[in-house]
Amino acid sequence: MLPTGRVLSESTGGGIDRLTDAEGKFVQAKLPYPEDFLEPYYDAETLHLHYTFHHAAAVTAANNDARAIREAVDTGKLQSVDSSMKKLSYHLSSHILHSIFWTNLTKKKGEPSGDLAKLIDRDFGGFDKLKALLTAASVAVDGSGWGILGYQPYTGGLTVLQCENHEKLLQWGVIPLLVVDVWEHAYYLKYRNRRAEFVTALFNILNWENAADRLAVAQKLAGQ
Ligand code: MN3
């Protein structure tokens, strides 16, 4: 099925992404489009490597981390469990953000509408200003990380985060709506060292309908 913007899992009744199977093991959802779907802005080779190796490795590692924590609990050998907890935070956050990232991309250039556009106007002063802020946050990440537009249920508003690695510099509770991967693996084949060019290009394929769907789910979860 090709993405139309309505790509949240039907199996969860349009709720938040389900990242595990029935046994609770982390699993990678299928890409919602063919690997060359986002050309020329996002090239097929990068997408292939990114999804098949980088994202998949995080899923495998998160399962290993979760198993190590469970074994430590079962055996009472808790001396080094903190290391597994740190790794799970890193790998599961990678799995969550990558899973969202694929659904945040589409072929059609668009802009926010409806409630999402209204909140963007209220919280940032308009789409152009949000675009400038999200771009600046993404381009300026120290090392590897993400720019994130999220919904903060404790305030009922939108927020832009600059996330280092996959799990640092966050606010508790924030539900990501739209995420920009600025790890070098996300762009280096095509854009080389030109991260800003990649982020600018990405705005041609951001799926604002998906972000709007995610806002509706986040507000529902928050009871707002
Ligand atoms: Mn990545």
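This is a predicted model: local features need pLDDT of at least 70, side-chain atom pairs count only at pLDDT 80 or more; totals for chains, interfaces and linings use all residues.
Tutor: On a 1 Å grid over the protein atoms alone, a pocket is an open set of points where a 1.4 Å probe fits, with protein on both sides within 12 Å along at least five of seven lines; its volume is the space filled by probe spheres set on the points, which are joined across faces, edges and corners. Side-chain values use heavy atoms, without hydrogens or water, and residues are numbered from 1 along each chain.

Student: What volume does the largest pocket have?

Tutor: The largest pocket has a volume of about 580 Å³, and of its 24 lining residues (an atom within 4 Å of a point) the closest to its centre are Ile96, Leu170, Val174, Ile175 and Pro176.

Student: What makes His50, His98, Asp181 and His185 donors of the manganese ion?

Tutor: Donors are N, O and S atoms within 2.8 Å of the metal (3.2 Å for Na, K and Ca); NE2 of His50, His98 and His185 and OD of Asp181 lie 1.9 to 2.1 Å from the manganese ion, so they qualify. Water is not among the atoms, so the site may look incomplete. Along the chain, these donors follow the spacing H-x47-H-x82-D-x3-H.

Student: Why is Thr46 called buried?

Tutor: Buried means under 20% relative accessible area (exposed is over 50%, partly exposed in between; 1.4 Å probe, protein chains only), and Thr46 is buried because its value is 1%. His98 and Asp181 are both buried as well.
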